[in-house]
Amino acid sequence: MTKRYFFSAETDRVDRARVHQWLSEQSYWAQDRAREKQDAAMDASRNYGVYDIESGEQVAYGRVVTDGVTFAWLCDVFVATEARGQGIGKMLAAGVMADLEPLDLKRILLSTADAHGLYAKYGFTELSEPSKIMALKAGERSTIS
């Protein structure tokens, strides 16, 4: 690594404006997400970041939605474009997994289009029975008659 970075699980340290910009403008999954929605999601989640030691600037973000007992969903993982290729994604994933370890969760899920190799290093595998997982997407809800 050319710069030195550190991991933090302190929500108050998160640069909310920067995270919103990354996710709403640069991610493939949260395009045009409203700032109010992002802030509400962060308020209801465990939040993580990786920061430059010298400047304090945030270079990565991730959040976990969890009941803290049985289940967690790792989502909104993002590494700043200019900081990629320096092991920051690994540092973020390792920090998140270490933070969740004491909870002894039964299941942690995530969805990724392009980082399967990274997550496999931390024990994530493809679902053995993907047909058991279902989703209800906004705008696709039907009324029960």
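Visitor: G123, buried or exposed?
Guide: G123 is exposed, with a relative accessible area of 55%. The cut-off for exposed is over 50%, so a value of 55% puts G123 in that class. Bear in mind that this is a predicted model.

Visitor: Where is G123 found?
Guide: G123 sits in the segment after helix 4, which covers 116-120.

Visitor: And how far is G123 from M97, C-alpha to C-alpha?
Guide: Their C-alpha atoms are separated by 10.0 Å, and the two residues are 26 apart along the chain.

Visitor: Which sense do strand 3 and strand 4 run in?
Guide: Strand 3 and strand 4 run antiparallel and are joined by 6 bridges. They form a hairpin with 4 residues between them. In the turn, G68 has a positive phi of about 75°.

Visitor: What about strand 4 and strand 5, parallel or antiparallel?
Guide: Strand 4 (residues 71-79) pairs with strand 5 in the parallel sense, over 4 bridges.

Visitor: Which residues are partnered with W73?
Guide: W73 has L109 as its bridge partner in strand 5.

Visitor: Which residues of helix 1 are buried?
Guide: R18, V19, H20, W22, L23 and S24 are buried in helix 1. What they pack against is helix 2 (35-43), strand 3 and strand 4.

Visitor: At what angle do helix 1 and helix 2 pack?
Guide: The angle is about 115°, and the axes are 10 Å apart. The crossing is right-handed.

Visitor: Which residues meet there?
Guide: From helix 1, R16, A17, V19, H20 and L23; from helix 2, R35, Q38, D39, M42 and D43. By class, that contact has 4 nonpolar, 2 polar and 4 charged residues.

Visitor: Staying with helix 2, which residues are buried?
Guide: Q38, D39, A41 and M42 are the buried residues of helix 2.

Visitor: Why do they line one face?
Guide: Seen down the axis of helix 2, the buried residues fall within an arc of 160°, so they line one face of the helix. As background, an α-helix has 3.6 residues a turn, so residues three or four places apart point the same way.

Visitor: What covers that buried side?
Guide: The cover over the buried residues of helix 2 includes helix 1, strand 2, strand 3 and strand 4.

Visitor: And which exposed residues are on the face turned away?
Guide: E36, K37 and D43 are the exposed residues carried on the face of helix 2 turned away from its buried side.

Conventions: Residues are numbered from 1 along each chain as its sequence is written. This is a predicted model: local features need pLDDT of at least 70, side-chain atom pairs count only at pLDDT 80 or more; totals for chains, interfaces and linings use all residues. Side-chain values use heavy atoms; hydrogens and water are left out. Two strands pair if DSSP finds at least two bridges between them. Helices (H or I, at least four residues) and strands (E, at least two) are DSSP runs, numbered from the N terminus. Buried means under 20% relative accessible area, exposed over 50%, partly exposed in between (1.4 Å probe, protein chains only). Contact means heavy atoms within 4.5 Å. Axes are lines fitted to C-alpha atoms, for helices over the stretch in contact, and angles run from 0 to 180 degrees between N-to-C directions. A crossing is left-handed if the near helix is turned anticlockwise from the far one by less than a right angle, and right-handed if clockwise. Ala, Val, Leu, Ile, Met, Phe, Trp, Tyr, Cys and Pro count as nonpolar, Asp, Glu, Lys and Arg as charged, and the others, Gly among them, as polar. The arc is that of the directions from the helix axis to the C-beta atoms.
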